[in-house]
Amino acid sequence: MAASEAVPYAKTGGLADVVTALAMELSALGHRVTLLLPGYRGQATQNARREVMRFSILVMQTKTEVTVEEELVPVTEASHPLRVFLVRYDPYFDRPGIYQEDHHDYPDNLDRFTLFCRAVLHVLRALTEVQGEAVDLLHLHDWQTALCSVYLKALPGEYKELHTIKTLLTIHNLGYQGIFAAEEFGKTGLPPSLFSPSALEYYGSINCLKGGIICADAVSTVSPTYAKEIITAEYGCGLEGVLSSRIDGILGITNGIDTKVWDPARDFYLPARYTAANLAGKQVCKRALQEEFGLPNREVPVLGVVGRLTFQKGFDLLLEIIAELMSLELQIVFLGTGDYDLEQQFKAVQQKYAEKIGLHIGFDERLAHRVEAGADMLLMPSRYEPCGLSQLYSLRYGTVPIVRRTGGLADTVVPFRPSTVESKSATGFYFTDASSDALLSTIMLALRVYKEYETWNLMIKAGMSEDLSWRRSAQQYAGIYRAMAEK
Ligand code: ADP
């Protein structure tokens, strides 16, 4: 498995959680998994690390010296550890950021991730050739690793030892495609003929994800609804044509969560722990959250927000209705970082309504746990959401999600309706239009239901008792791997 981020090594979003949890769960199911990651700055873990490979890769006639370090991560229930390879090339990866700094992408991201892709294939070749390991499948994640499948198809002579390896490309977010200027194509080391609309060219630029979608043996994404959405013009981000031209279709597997890390009964980030049977600790978490965000300890519903502040997440819709919300009995806590403009707007509303809005701009894992636990409701008004993890965490923490009905949000939240209340299956609220009006009326509905103590409690319990673990999803991936290997 190759990815550009994975916890605890590097994280900017859900991808990092997914990659590690899936790799661990597959190991627990008995598969031998090796995870390849760039060796970024500051990745110290408790595992011993040793250098296992050193080689050079020719990029634009220049030899680039790469080293590979290995960590063996113990997996409970598994006879083999998860093997992690960190691909080090310090001029590219020993930096303060993963993809960007000060809100600007690194200008050499194409150089960085083509080098990583080539190093991944080099490592696989060494494993096959020198160590005699049989590698069946390479699971790629997002544009940063998509080019691996292109190299395997386009340069079969260079990678002849790997000709039996199948590639699965999982798209975690179609909004990020790895688009670069045409003049940079030489850096990929691919034949110039591949810079064409039937391969990597996309309206005159290079598109790494497009190349992967065309060359991978199978393509999947992280929820069934998103798999259907991305072949439409509304959600396809310009790649709907390429995606729908894959005759085998796009597979959709909903992410699970790491139920050991995200467990309100054992979470040591929380000031108190709790279960569905005894929610007293959740009240302690709520009061602590109010204090931590500088809000008065009042018996009002607390709405939580955890996420990247980007257009995708629809938090601007919340800003549009902030005056209306502030006239209601509630408090809002925001934890997020992202677009500079949105950050400034959130700072401004927080200053205006300091009695009711708590704000933390930044990335803070501990605080994310505390918001998930201490809030009564979690807001995710996403314009699109491939799967979404925050709402899964909120379900597990008894924090009722209010989401837009899109992608994985539509697949994982059972909306409040007479029938779902009757069957005790309702776990949250959703709205369809990506509009602030729709968001406001859904929040108002949730606030009304919040006052119906019994119904609210049933919703909390329905969410907390769902099986959100990785087991089922990992088994589905294993099924795909098997089907691909047999083809
Ligand atoms: P995405 O991958 O699009 O960012 P997801 O909901 O799939 O959205 O995953 C977001 C992950 O990142 C969750 O684990 C969430 O807790 C975490 N996260 C997002 N923003 C922050 C933040 N500011 N501080 C801490 N964790 C955050």
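Guide: Let's begin with β9 and strand β11 (residues 205–207), which pair in the antiparallel sense over three bridges. Here, strands (E, at least two residues) and helices (H or I, at least four) are DSSP runs numbered from the N terminus, and two strands pair if DSSP finds at least two bridges between them. This is a predicted model, in which local features need pLDDT of at least 70 and side-chain atom pairs count only at pLDDT 80 or more, while totals for chains, interfaces and linings use all residues. Residues are numbered from 1 along each chain as its sequence is written, and side-chain values use heavy atoms, leaving out hydrogens and water.

Within this pairing, Phe180 stands opposite Ile206 in β11. Step back and you will find an open sheet of three strands in the order β9-β11-β10, with antiparallel pairing. β9 (179–181) and β10 (201–202) are its edge strands, each pairing on one side only. Helix α5 (residues 208–215) packs on this sheet and touches β9, β10 and β11, where contact means heavy atoms within 4.5 Å. The direction of α5 makes about 50 degrees with that of β11; axes are lines fitted to C-alpha atoms, for helices over the stretch in contact, and angles run from 0 to 180 degrees between N-to-C directions.

Now for a pair of helices. Helix α1 (residues 14–28) packs against helix α18 (residues 471–486) at an angle of about 75 degrees, and their axes are 9 Å apart. The two are therefore roughly perpendicular to each other, a label for angles of 65 to 115 degrees (under 35 is roughly parallel, over 145 roughly antiparallel, the rest oblique). Leu22, Glu25, Leu26 and Ala28 in α1 meet Arg471, Ala474, Tyr477, Ala478 and Tyr481 in α18. By class, this contact has seven nonpolar, no polar and two charged residues. Ala, Val, Leu, Ile, Met, Phe, Trp, Tyr, Cys and Pro count as nonpolar, Asp, Glu, Lys and Arg as charged, and the others, Gly among them, as polar.

Last, look just ahead of α1. Pro8 is found in the segment before α1, and a cis peptide bond joins Val7 and Pro8, with omega about 0 degrees. Most peptide bonds are trans. Phi of Glu77 is near 75 degrees, a positive value in a residue other than glycine.
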